[in-house]
Amino acid sequence: MNIWKNKTAAWPVANPVITCASLSDAGFPSNFVADPFLYIQGDIIYLFYEMKNPITMQGDIGVSQSTDNGSTWQQLGIALNEDWHLSYPYVFDFNGIIYMLPEGSEKGDLRLYRATDFPLKWTLEKIMIERPLVDSSIVPHDGKFWLFGSDHSGISNTKNGQLELWYGSSPLGPWKPHKKNPIYNTDMALGARSGGRPFAYNGNLYRIGQDCGETYGRKTRVFKVEILTIDEFKEVEVPLGIEESMKGKNAWNGARNHHLDVQQLGTGDWIAVLDGDRVPSGDKIHRFVLGSGSILAVSILIVLFGILLGVVKCIVPLSWCPHSMGKRSDEFLAWERPNLSSKVRLFCSRLNRAILVLRARVRPNMCTGTVVLTLMVLVAVTLTCAGVSYIYGGSGAEEPYPFEGHYSQFTMLTMTFDARLWNLKMYVKHYSRCSSVREIVVVWNKGIPPEPSDFDSAVPIRIRVEEKNSLNNRFKVDPQIKTRAVLELDDDIMMACDDVERGFRVWREHPERIVGFYPRFASGSPLTYRAEKHARKHNGYNMILTGAAFIDARVAFERYWSEEAAPGRVIVDRFFNCEDVLMNYLYANATTSPSAVEYVRPAWAIDTSKFSGVAISRNTQAHYGVRSKCLRKFADMYGSLSHRKMEFSRRKDGWDV
């Protein structure tokens, strides 16, 4: 989406608009949401979807509504709850009555419900077809109604690769099976299973199918129906027109999206909803299996380590192995040879003898033995970390943080020149994968500019070539920036996407502030510029480096290029420094609150210029001396900052400790 809620909102609103977290926060606990269907009634858009109850572990049908064309949503609650699993809530109207055709194949049939008090109260209207059809959709075409659905109960039916077609004179039935049923019984990757409501566009009928090849619900496919009669059916795949994200797990639908519903608004505009997931189906089980396997491997290594040190004398005590201690006759031995217990005892004996062989070949007091033991320790530590990470570390996605139940996006802006191209390429590859980054703007100050195609970027990248090499270019008004939030981040700073997302979350709380990651404290007489260490010693800061900070593009850039800031821009050009100091003064002058800045502590940050040898400020003492001069000049122009102070550790979430 690219919808602005109002003039003061800190967004456009970004996907996802409804999550299991937003439902749970509204008082309707859910493990996931999927299968969204739209129903438009005047200026209100209703959204029906499957939501998984964390207590019953079955699907119920939830509903939300939007009065601003899908920008924001109010969670209304559970529309339909049965004693069996429900999903795929296909909602439609016929003769002024609203119906729902949910998937409830666990019950063994296809049921139609009628709204008695829309949208939260429904009653069973009839059993449409006594078959356990999955993901059924109805569409009118050429004077008939057509029902698409899949039956996975047959032995010969391919799961997620089977599709049947039914027809009738009314969407309420009765229904007759198509002569060529099943019209699909093929590979699950070819899009046979329905993935949303069929729709008409420019006189053509389109069907949406699921590609379940790599994982369940990997992606949606769109098919143009060319022939649809009671005797024939033919369709061809057409481009969906939605590009897959390159952000992987950091994208809300990076791993799969298996459902799409398209509707036309009364204004003539089109709106579409689709579901998505960051991880493949069964990811938790997959990670648990890998983690358990890693821990098991560590256990084996510990036993081997003990064997080599002589602590473990045998792998399996023979007393654990079933055997007979009685006197054995020839007849008994003949009977015992094929016996399972004797074979197990023989295996245990051979396994224990292997200890002697292993200890003879690898001796701890020898060089070879020491190397082997060291390698075993390293492998065990690595496997332990991997196992714990698989089991307890989550999916590995660096997800965004919602604010008031909504997500947003921001533009990244960095200023650089030709000698720092290595830094820039690494910068773009890393930050373009962060969830909320919409675009990266590179302000090119000097040298031959690169092409956008030179970068490995998951988002659009724009090179803005400047005529003059000036630090003032960092804050130039740029009408092409489509987001209100801009992260000004130098190309030699590398930090985790999670830290960036936390900073964005804090800025959305206070869009009138500079929110960043490097605090500074200007104090003393004469006024002196000091680093974070000094700020922490005095438990406070009054400036934030704008080389790593979020700002309001519409406000900050106009403020920086105002007439009031003109003398300050002259000083920035004279010293080739202090543009961020000037911006801090301009923000401080524009507010009556105690501070116009906010600090967020990153988990880690790396200065990559130290590896490439292109650091701009190599002499820190001289650099700070110039900035102190700027402080005094700006203080004469705009007033002092020394009376302002924000303390550390103010936030309850601990993000500013």
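A salt bridge is taken here as a side-chain nitrogen of Lys or Arg within 4 Å of a carboxyl oxygen of Asp or Glu. By this rule, the predicted model contains 42 salt bridges.

Among them is the pair of glutamate 244 and arginine 218, whose side chains meet at 2.9 Å, N to O. Glutamate 244 belongs to the loop between β18 and β19, and arginine 218 to the loop between β16 and β17, so that distant parts of the chain, 26 residues apart, are linked. Arginine 218 is buried, with a relative accessible area of 15%, whereas glutamate 244 is partly exposed at 45%. A further salt bridge joins arginine 462 and aspartate 478 (3.0 Å, N to O). Because arginine 462 lies in strand β24 and aspartate 478 in the loop between β24 and β25, the pair ties together parts that are 16 residues apart in sequence. Both residues of this pair, arginine 462 and aspartate 478, are buried.

Lysine 468 forms a salt bridge with aspartate 573, with the closest N and O atoms 3.2 Å apart. This pair links the loop between β24 and β25 to helix α10, across 105 residues; aspartate 573 is partly exposed, at 32% relative accessibility. A network of salt bridges also connects Arg505, Glu509, Glu512, Arg513, Glu598, Arg650, Arg651 and Asp653.

Helices α9 (residues 553-560) and α11 (residues 579-589) pack at an angle of about 105°, their axes being 10 Å apart; the two helices are therefore roughly perpendicular to each other. In this packing, Ala556, Arg559 and Tyr560 of α9 meet Glu579, Leu582, Met583, Leu586 and Tyr587 of α11.

Methods. Residues numbered from 1 in each chain as written. Predicted model: local features only at pLDDT ≥ 70, side-chain atom pairs only at ≥ 80, totals over all residues. Heavy atoms only, no water. Axes fitted to C-alpha atoms, helices over the stretch in contact; angles between N-to-C directions. Helix = DSSP H or I, 4+ residues; strand = E, 2+ residues; numbered from the N terminus. Parallel < 35°, antiparallel > 145°, perpendicular 65-115°, else oblique. Contact = heavy atoms within 4.5 Å. Buried < 20%, exposed > 50% of the residue type's maximum accessible area, 1.4 Å probe, protein only.
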